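Keep the model open while you read.

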Amino acid sequence: MSTVFTNIDFNQQGKQVGFAHLPLSAHNDAWGTIAMPLAVIANGQGPTVLITGAIHGDEYEGPIIINELIRHLTAERVQGKLILLPCANTPALRASMRVSPVDNKNLARVFPGNPWGTPTEQIAAWIHDSIFPLCDFYIDLHSGGSSLFIDESAQVVVTDDLCPEVREKSEAMARAFAAKLTVVTNNMGDPRTSCGAAANLGIPAIAAEMGSNGSVSPLGVQRTRFAVERVLNHLGLIKTETQPAEPSLQVFIPAGGNLLSPGDGWFEPVMAIGDEVQAGDLAGWLHRLSEPEAVPLAVHFQVKGRVYSQRTFGATSQGNSLAVLVQNLSEKENS
Ligand SMILES: [Zn+2]
């Protein structure tokens, strides 16, 4: 069940570009909708692959590359079906925000959604109930957004209900994507991401982090372009010469790897993305800028690892994530 309607016919061959519309009766638009650009490129037999972008509205490399596919990829070059949703959370994208300004919700934390819930919950329900059942594979393109510097990575989301065969296929997609890192993660135990929901339905899925800090990374755009091509090639959806890539390092986030701020203040980091640190190493200083005589608080890492993400904002509240560390997955499995 969904109130979303579209002029796109998912069973039609060839290329269609249009919109999905979610009715939203707002103060300034009684009979209006949230319009989500949607394209389907289909040709003959083959897998159906969904690619989403702008699930978070302050992450741009994904939408840039999905729109490029919509403009340049012809149906003749496809074997199977590509469903492209470049701006999954249009209100968030228009506002350049992680969460939707309509209901203050994070589309990557409300799956499987609610067809009668808030607009963001309704978008999730439409993707979950109407799009996922059409799909064999799923790629969800992200970046760090406004609050994170983050290392280039594909993420394989593992949930309690994930079957090993689906995880294996997701890991093969991540190898083809070949970002610098492949992060095997359970999202701090929260299964409500789009990839977590897809995986629970038995759809192999990867998410990717290809830029940082709410900006557009030219290198991230280029590497997303090549990485998506490699995955579509790997899945047999397109046949093309792809850019070769280095093997991806498989990592995980250990317990204690998310360094949370012990208090309020302004955080001055002394580490950088990619640094290798030991438990007890200094991560940075928490300043209390309006109290000149207050001694800055030294914040230390609790475990060893490689710095995967780092907070962009100086102003920091207690409980904010200052940095996330990852460790090599092969060391975990050998220990
Ligand atoms: Zn994101």
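Thr 120 touches Asn 89, Ser 100, Asp 103, Lys 105, Asn 106, Leu 107 and Val 110, once neighbours within four places in sequence are set aside. Thr 120 belongs to helix α3, which covers residues 119-131. This is a predicted model. Is Thr 120 buried or exposed? It is buried, because its relative accessible area is 0%, and the cut-off for buried is under 20%. One of its contacts, Asp 103, is worth a look. Thr 120 and Asp 103 are 17 residues apart along the chain. Their C-alpha atoms are separated by 7.0 Å.

Thr 182 is in strand β9, residues 181-185. Thr 182 counts as buried because its relative accessibility is 3%. Which residues does Thr 182 contact, leaving aside those within four places in sequence? They are Ala 154, Val 156, Ala 174, Ser 248, Leu 249, Gln 250 and Val 251.

Pro 262 sits in a loop, with β12 (258-260) on one side and β13 (265-269) on the other. Pro 262 counts as partly exposed, because its relative accessibility is 42%. Not counting residues up to four places away, Pro 262 touches Leu 286, Leu 297, Val 299 and Gln 318. Ala 95 is 167 residues from Pro 262 along the chain. The C-alpha atoms of the two are separated by 31 Å.

Next, the cysteines. How many disulfides does the model hold? The count is 0. A disulfide is a covalent bond between the sulfur atoms of two cysteines. For a pair to count, the sulfurs must lie within 2.5 Å. Take Cys 87. Its closest cysteine sulfur is in Cys 135, 17 Å away, so the gap is too far for a bond. Cys 135 has its closest cysteine sulfur in Cys 195, at 12 Å, which is also too far for a bond. Cys 87 is buried, with a relative accessible area of 9%. Cys 135 is buried too, at 8%.

Aromatic rings come next. The whole structure has 2 aromatic pairs. Ring pairs join Phe 111, Phe 132 and Tyr 138 into a cluster.

Last, look at the empty space. Rolling a probe the size of a water molecule over the atoms shows where such space is left. The model has 1 cavity of 30 Å³ or more. The largest cavity holds about 40 Å³. Its lining is Val 156, Val 157, Ser 170, Cys 195, Ala 199, Ile 203 and Ala 205. Two elements, β8 (153-157) and α5 (194-200), each give two or more residues to this lining. By type, the lining has 6 nonpolar residues, 1 polar and no charged. Two names here have come up before. Val 156 is among the contacts of Thr 182, and Cys 195 holds the sulfur closest to that of Cys 135.

The largest pocket is a separate item. About 1000 Å³ of space lies in it. It is lined by 42 residues. Which of them lie nearest its centre? Arg 109, Gln 155, Asn 187, Met 188 and Ile 253 do. The lining of the largest pocket divides into 17 nonpolar, 15 polar and 10 charged residues.

Notes:
Residues are numbered from 1 along each chain as its sequence is written. This is a predicted model: local features need pLDDT of at least 70, side-chain atom pairs count only at pLDDT 80 or more; totals for chains, interfaces and linings use all residues. Side-chain values use heavy atoms; hydrogens and water are left out. Buried means under 20% relative accessible area, exposed over 50%, partly exposed in between (1.4 Å probe, protein chains only). Rings of Phe, Tyr and Trp (its six-membered ring) pair if their centres lie within 6.5 Å; planes under 30 degrees apart count as stacked, over 60 as edge-to-face and the rest as tilted. On a 1 Å grid over the protein atoms alone, a cavity is a set of points where a 1.4 Å probe fits but cannot get out, and a pocket is an open set with protein on both sides within 12 Å along at least five of seven lines; lining residues have an atom within 4 Å of a point. Grid points are joined across faces, edges and corners, and a volume is the space filled by probe spheres set on the points. Ala, Val, Leu, Ile, Met, Phe, Trp, Tyr, Cys and Pro count as nonpolar, Asp, Glu, Lys and Arg as charged, and the others, Gly among them, as polar. Helices (H or I, at least four residues) and strands (E, at least two) are DSSP runs, numbered from the N terminus. Contact means heavy atoms within 4.5 Å.
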